[in-house]
Amino acid sequence: MIPKKDTPEHRAFLDKLAGLDSFFTDSHAHIHMQPLSDDAEAVLARAAEHKIGRIVTIGIDVEDSGRAVQFAAEYENVYASVGVHPHDTSGFPTDGIDSLRELLKAPKVIALGEIGLDFYYDHSPRETQEKCFASLLGLAEDTGMPVIIHNRDSTARLIEILKAELPVREKSGIIHCFSGDTDLLRYALDNGFYISYAGVVTYPKSEELRRTLQFVPRNRLLIETDAPYLTPAPYRGRTNEPAYTAYTAETVAAELGMSLRETAELLENNFQSLFGDRL
Ligand SMILES: [Zn+2]
């Protein structure tokens, strides 16, 4: 379990991190976005202190994706993904696919996402979300780009659309902020997806989600923050930032009975095998 902050156990964890000669990747953050972008240098410095050596910053609509690309161009060790979040599909312009196709050509853009479905919030009509998701998967097929998938309460439709629109690939992309859904997990593992755990896995009540770590082949695991959202323990309530990936790493390491160093190496191998030729 994650130590409470400012306790001897917590300080020991930070010392252990400081002594680590490997690093972690935050596979999903929104650091080009406010509030994190307001303080980018400090956010990146704290990430480095916590041995977070690489960050993928994720676009949520065309304009925002442009900012992600720009941010990645400015900062070393930051890569970008461009896409349209299901929440934002209502405002997706008719020439949006062409704009994203252009953005995908920029240096340091390694994926198309986040894209998917969200039937929990329903911020955009489901029909609009589905249509947009399908055409974005078409773009992924055209360009060969891995996809970063958002799913909330929409597993059945998500799988149907993926089956229809995305041919089976060896390296399809990432299921972001995995919620523990076993149907999605089965589909994802059979179809070349990697499974990314966010800070939710550190929460005391997330026992069931932690248990799913045992079913995911180790060579398919990744971790992320989804910063500025979903802050892990022991910093719940604060704004999330990539530095806190370290706490998710600690939880994953404990659950799998691995050292922090072994975990860093495993996750780095996984990230390299998915994106290696794009880094
Ligand atoms: Zn996100």
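1. A quick word on terms before we start: a residue is called buried under 20% relative accessible area, exposed over 50%, and partly exposed in between, using a 1.4 Å probe and protein chains only. By that rule Phe-271 is buried, with a relative accessible area of 1%, and Phe-275 is buried as well, also at 1%.

2. Please keep in mind that this is a predicted model, in which local features need pLDDT of at least 70 and side-chain atom pairs count only at pLDDT 80 or more, while totals for chains, interfaces and linings use all residues. Residues are numbered from 1 along each chain as its sequence is written, and side-chain values use heavy atoms, with hydrogens and water left out.

3. On to the rings. A search of the whole structure gives 8 aromatic pairs (ring centres of Phe, Tyr or the six-membered ring of Trp within 6.5 Å; planes under 30 degrees apart are stacked, over 60 edge-to-face, the rest tilted). One of them, Tyr-235 with Tyr-244, is stacked at 4.6 Å centre to centre and 10 degrees between the planes.

4. Phe-271 and Phe-275 form a tilted pair, with 4.9 Å between centres and 50 degrees between planes. Both lie in helix H10 (residues 260-275), 4 residues apart, or about one turn of the helix. Helices (H or I, at least four residues) and strands (E, at least two) are DSSP runs numbered from the N terminus.

5. Now the metal. The zinc ion has His-28 (NE2), His-30 (NE2), Glu-114 (OE) and Asp-226 (OD) as protein donors, 2.2 to 2.3 Å from it (donors are N, O and S atoms within 2.8 Å of the metal, or 3.2 Å for Na, K and Ca; water is not among the atoms, so sites may look incomplete). The donor residues are spaced H-x1-H-x83-E-x111-D in sequence. His-28 lies in strand E1 (residues 24-29) and Asp-226 in the loop between strand E8 (221-223) and helix H9 (245-256), so this pair ties together parts 198 residues apart in sequence. Both His-28 and Asp-226 are buried.

6. Finally, two charges to look at (NZ of Lys or CZ of Arg within 6 Å of the ring centre and within 35 degrees of the ring normal). The charged end of Arg-236 sits over the ring of Tyr-203, 3.5 Å from its centre. That of Lys-108 sits over the Tyr-79 ring, 5.4 Å from the centre.
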